[in-house]
Amino acid sequence: MKGIPGRVIPEALRTLGKERATVKYPHEEADLADRFRGKIEYEADPCTGCGLCERVCPADAIETENDGERFVWRYDISRCLYCGQCTEACPPDAIVSGQDFELASGNKENFVEEYGFER
Amino acid sequence: MSFAMDLVYLLVFPGFLFLSTAGMAVQYVDRKLYAKVQNRVGPPAVQPFADFLKLLSKESIVPEAAERDVFVVAPLFGLAGVLTAILYVPVWGAEAAFAFQGDLVVVLFLLSIPSFALFFGGWHSRNRFSDVGTLRTLTQLFGYEVPFFLACLAPAMAAQSWEISTVMTTLAESPLALVLLLPGFFVGLLSLQAKLERVPFDAPEAESEIVGGALVEYSGRKLALFHMTKDIEFVVGAGFLSALFLGGTAPLYGIAGPVGGFVAFALKVLFVVVLLTVVKAAFARVRIEQSVGVFYKWAVGIAIVQLLIVIAAASAGIGGL
Amino acid sequence: MSGGSDERIPVGPQHPSLKEPANFMLDVDGEEITGADLTLSYNHRGMEEAAQRKDYLQNIYLLERICGICSHSHTTAYVQAVEELMDVEVPDRAKYIRTLIGELERLHSHLLWLGVGGHEMGFDTLWHYAWRDRELVLDSLEELTGNRVHYAINTLGGVREDVEEDQFPMLRENLEEVKERAAYYAEVVPEEETVLMRCEDVGVISRETASELCAVGPTARASGVPTDVRKEDPYAAYDQLDFDVITHTDGDLLARVIVRLEEIVESCKIVEQVLDDMPEGDITGANRPTHTLSNMVEEGEAISRYEAPRGEDLHYVKSDGTDTPERVKVRAPTMANWPTVVEGLKGSYIADTPMIVAGIDPCISCTARIGVEVTGDAAVSIDGGDRKLSLDDLSDYAKDWYGQEVN
């Protein structure tokens, strides 16, 4: 017998006195870091309709429509990778990363967000 | 009156109703303590009961290739074995429900029936994973049965009786004898862990290797009965070991009657459960040939040394033997 | 079961011991394994084809998702290859940050492996302890990058997020605790008797065999082959850091456990050095907005190597001057280690299969890459003959196989 049987027992008994490592989510709130990348947040006010966000998105989650009179910005949560590249590319910072991650839904229509404004 | 009393013993206490509840309580203690040792939360107290109900509600499939008759009867066979065994273990007083001379040997045989039930059920499932699992169950049986029998022989020799109740009351009167029997208790614990197929001796049921071992084709009601058999085996085995090595229902039955005796029994069973749960948490799973090696190299040796100690103490007249 | 009869036991593609689908058909004789047949590629997702359709910047996020555990390895290797073709100078601070995230990733990967290895052995307590301590590393990564896995910290020319001054105390505190726990595991795990019983002399691979089969990473180092890309071909900030290459001589499973445990201790030292010596400066060397950089990649090809937690990760990028790559080829470290598994399985027991497979720290998602050329010699032959197929032929073949309409 080269080892010690039950080498872990002292640590095991010590652990009985420690506070449990599990977090009681969702009864307790999740503790997120400041930089956590959740769902992106779009504001129509600073948006210039340049379409850079659509061009850089790796997952084709953002679609824009521009017919000269009306600009529509469409975002699909189910495709988004939450990488934040659009937030970097957007010149007037109309898109920022939010902290929302509880995005599950039973209805596919809830995944698409759409904003439009007159140019 | 006597027939009605017998029925109460068989079906209510210490029979089926008591044992199924005790089995669930023991499963809860085991899972909760195991979780706490691992810094987790663990399940709530109703979890074993909820699991049992869930299994009952699922479809119980019999594979087409399996031997239908044996496949269906196997779980009942094991359950019957352990339900009968409790009748000879003292649970509340100085005497077990149906005690008689020689019931120690009978209980030893009855406690090995669940392993055979696993063998019958698993072998006749005609599944290559259950083939491997069943063979491992039997291989392990050859490993732990000999030391288990030898270890349980020691208190019988010390008390010079083959009746569990007599062994318990005789040994409870001399605490020194109980100290001398500690090596046997240790061997008995290891063998009980292997009999129950718990880590480190759960090679027959190794989840990460052979999926489920002997029980791989079982589902629904039959699987619920197998799980219940394992829990009840835990209670009966712990009660058996505590009657032989820890004094059973003594000394409280003398002080506080049957209630006191039952409390002593429950506490000692809990103690054995806690010991075995810490063992389960502290080790990795050993391979089947290593498991047999552990039993034949160490357990048999310690059991034989234990017998020699008992013989020496008896001839020297110490410990009240 | 009659003795001497060869039975085939399938381990996989769905099996409790495997975290990802892979098929091992084991020829067994009783409990002993006489031969093994591997089928991988259940996790083939067409990453390399998809990479040809996206531009260089978008590919960072695509290639990151080849694997969740070694995601930073893939992005860094890819970005280093593209930066060679791009003629951009990555500032020192960015290199240090890449190293920091890379070593934190090695910490979390090895701790994850320790838990998975413990679980395969039936040692669930070790599993939960290792994963509890891994949470400290993941918390640090979340503070630094914004995500626990798939950090997306790399960009063409540097990194996207800086390490702020007020994050250093938190990082150091977490590191101290991980160091303490790592020292505990490195001491206790090789001393526990049942671990020794399961791991010693299991799946032995000699030094010659490991060299011959081109094993990489901790698998090779445990057999005594001192191969480590961080020393052989330093990238990022490794040429300025002081660390040892951990090797062991036995080549069995226990050696692989010990090598990884000591690498955890070593990585803690490297992270400490990085935190102490972090230079000031910019975090990106490009003087244009990042989303315009895809157009600045010149024609040519580049190879980049990275020491992922599992071994040497190799990325090949071929550019034709446009903003999408012409070819991206990924050779993940697990791909190089599979032959050692087949070698290790022969002559051992069924009970050791999950352990031997887990011993190389397999990442089947990393492994499954098949290259199909669209023009020229298509090197895929389905029926073993000389028939060569183009992408469209393959597509028709697949539709025919599944009984769908072939147009």
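Biologist: In this predicted model, how many residues of chain B are in contact with chain C?

Modeller: In the predicted model, the contact between the two chains draws 23 residues from chain C.

Biologist: Which helix of chain B gives the most to the side that touches chain C?

Modeller: Helix H7 (128-159), helix H11 (207-210), H13 and helix H14 (288-316) of chain B each supply at least two residues of that side. By class, the residues there divide into 14 nonpolar, four polar and eight charged. The helix that gives the most, with four residues, is H7(B).

Biologist: From which element does the largest share of the side of chain B that touches chain A come?

Modeller: This contact takes eight residues from chain B and ten residues from chain A. On the chain B side, the elements that give two or more residues are helix H2 (16-37) and helix H13 (252-282). The residues of this side comprise five nonpolar, one polar and two charged. The largest share, three residues, comes from H13(B).

Biologist: Why are H6(B) and H7(B) described as roughly antiparallel, and at what angle do they pack?

Modeller: An angle over 145 degrees counts as roughly antiparallel. Helix H6 (residues 113-123) of chain B packs against H7(B) with the axes 9 Å apart and an angle above that cut-off. H6(B) is therefore roughly antiparallel to H7(B). The packing angle is about 160°.

Biologist: How do the residues of the contact of H6(B) with H7(B) divide into nonpolar, polar and charged?

Modeller: From H6(B), the contact involves Ser115(B), Leu118(B), Phe119(B), Gly122(B) and Trp123(B). These meet Ser130(B), Gly133(B), Thr134(B), Thr137(B), Leu138(B) and Leu141(B) in H7(B). The division is five nonpolar, six polar and no charged.

Biologist: Is the crossing of H4(B) and H5(B) left-handed or right-handed?

Modeller: Helix H4 (residues 68-85) of chain B and helix H5 (residues 103-111) of chain B pack at about 155°, with their axes 8 Å apart. H4(B) is therefore roughly antiparallel to H5(B). As H4(B) passes H5(B), the crossing is left-handed.

Biologist: Which residues in H5(B) meet H4(B)?

Modeller: The residues of this contact divide into four nonpolar, two polar and no charged. H4(B) contributes Gly81(B), Thr84(B) and Ala85(B). Their counterparts in H5(B) are Val107(B), Leu110(B) and Leu111(B).

Biologist: Which are the edge strands of the open sheet in chain A?

Modeller: Three strands form this sheet in the order E2-E3-E5, with antiparallel pairing. The twist averages 15° from one strand to the next. Each edge strand pairs on one side only, and these strands are E2 (62-66) and E5 (112-118) of chain A.

Biologist: What is the bridge partner of Tyr306(C) in E7(C)?

Modeller: Strand E6 (residues 300-308) and strand E7 (residues 311-319) of chain C pair in the antiparallel sense over nine bridges. E6(C) and E7(C) form a hairpin with two residues between them. The partner of Tyr306(C) is Asp313(C).

Biologist: How far apart do the C-alpha centres of the two domains of chain C lie?

Modeller: The domain assignment of chain C gives domain 1 (47-362) and domain 2 (378-407). The distance between their C-alpha centres is 36 Å.

Methods. Residues numbered from 1 in each chain as written. Chains lettered and ligands numbered in written order. Predicted model: local features only at pLDDT ≥ 70, side-chain atom pairs only at ≥ 80, totals over all residues. Contact = placed C-beta atoms within 7 Å. Nonpolar A, V, L, I, M, F, W, Y, C, P; charged D, E, K, R; others polar. Pairing = 2+ DSSP bridges. Domains from an automatic or database assignment. Axes fitted to C-alpha atoms, helices over the stretch in contact; angles between N-to-C directions. Parallel < 35°, antiparallel > 145°, perpendicular 65-115°, else oblique. Left-handed = near helix turned anticlockwise from the far one by under 90°.
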